[in-house]
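Subject: Structure handover

Hello,

Here is the structure I promised to pass on. My notes on what was found in it come after it.

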Amino acid sequence: MSSPELLLQVLRTQMRAAGVTYKMLAERIAMSESSVKRMFGQQDMSLTRLAQICKAAGVPMEDVLRGAADATPQADCLTLQQEKSLLANPHLLLMAICCLGHWTLEQVLETYDLTAPECIVLLAELDRLGLIELKPLNRYRLRVSNAFRWLPDGPVQQFFREHAVDDYFSGSFNGAGETLLCLPARLSQASAQELAGRIQQLAGELARLHQSDRRLAPHERDGFTLLVGFRSWEFAAFTALRRK
């Protein structure tokens, strides 16, 4: 579905919810009903006309635009080439992670030793790669879903495994809201698959809370990272002690 088609579909839905028919709309904007239907059918509508229709229908234009953005299909992961492109430039990977955390340009500049022109170039490159849609005033919209994850055993995941895991686990995990668990168990395949599904639900809950807390001021939030692994495994030193 194209962007104009999606936008008008959301507008129609909003109009139906407001109880506004094509005939009613035509009377309010001084057009014939057939002209209004043709305008919607041909998807030929300027932003000025869209604003006029939204006002006449009593539908906030920002609700229509937001609804279309929310309904746009989004990817759950990047392609192999996209991930390789991120790793080719450490600053680009940093900016990508900041965008996934919904950081503003101002927050990035306050936190990292980057200039505004450098950040804008990085945002433009992320737009070209398809991770974000760059908007006026250096704002952006993510082009990936709330269920986004790096490619399993892909370039970024391998990079984190090699360079970030030791740093991550070197912490004490005793801060507010922190926890570290390592729980061994012997499970059937069915039970293991059930628990893997529960972990996916946990990831979804993290995404929900992350989205919800965006309304809070920056100083009311802190950076947390959930690193979860679940697989059939035995510590190599223990494996060496097994009976031959």
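**Valine 121 and the model as a whole**

Valine 121 is part of helix α9, which covers residues 116-129. Helices here are DSSP runs of H or I of at least four residues and strands are runs of E of at least two, both numbered from the N terminus. Valine 121 has a relative accessible area of 55% and is therefore exposed; buried means under 20% relative accessible area, exposed over 50%, and partly exposed in between (1.4 Å probe, protein chains only). Its C-alpha atom is separated by 28 Å from that of glutamate 62, a residue 59 positions away along the chain.

Before you read further: this is a predicted model, in which local features need pLDDT of at least 70 and side-chain atom pairs count only at pLDDT 80 or more, while totals for chains, interfaces and linings use all residues. Residues are numbered from 1 along each chain as its sequence is written, and side-chain values use heavy atoms, with hydrogens and water left out.

**Overall build**

The chain contains 13 helices and two strands. Its radius of gyration is 24 Å, whereas a compact globule of 244 residues would have one near 18 Å (taken over C-alpha atoms; the globule rule is 2.2 Å times the number of residues to the power 0.38). The C-alpha trace spans about 85 × 50 × 35 Å along the principal axes. Buried residues make up 25% of the 244.

Among contacts with a separation of 6 or more, 60% are between residues 24 or more positions apart; a contact means heavy atoms within 4.5 Å. The accessible surface is about 17,100 Å², and carbon and sulfur atoms hold 54% of that (Shrake-Rupley method with a 1.4 Å probe; for residues, only the protein chains shown count as cover).

In α3 (residues 33-42), the buried residues are Ser35, Val36, Met39 and Phe40. They line one face of the helix, because they fall within an arc of 135° when seen down its axis; the arc is that of the directions from the helix axis to the C-beta atoms. Exposed Gly41 and Gln42 sit on the face turned away from that buried side. Glutamine 43 follows α3 and has a positive phi, near 55°.

In α4 (residues 47-57), the buried set is Leu50, Ile53, Cys54, Ala56 and Ala57. These cover an arc of only 165° around the axis, so they are on the same side of α4. The face turned away from the buried side of α4 carries exposed Leu47, Thr48 and Lys55.

**Two loop residues to look at**

Aspartate 153 is not a glycine, yet its phi is positive, at about 60°. It lies in the loop between β2 (140-142) and α10 (155-163). Is aspartate 153 buried or partly exposed? Its relative accessibility is 47%, so it counts as partly exposed.

Phenylalanine 173 also is a residue other than glycine with a positive phi, near 60°. The loop that holds phenylalanine 173 runs between α11 (165-169) and α12 (189-212). Phenylalanine 173 has a relative accessible area of 15% and is therefore buried.

Regards
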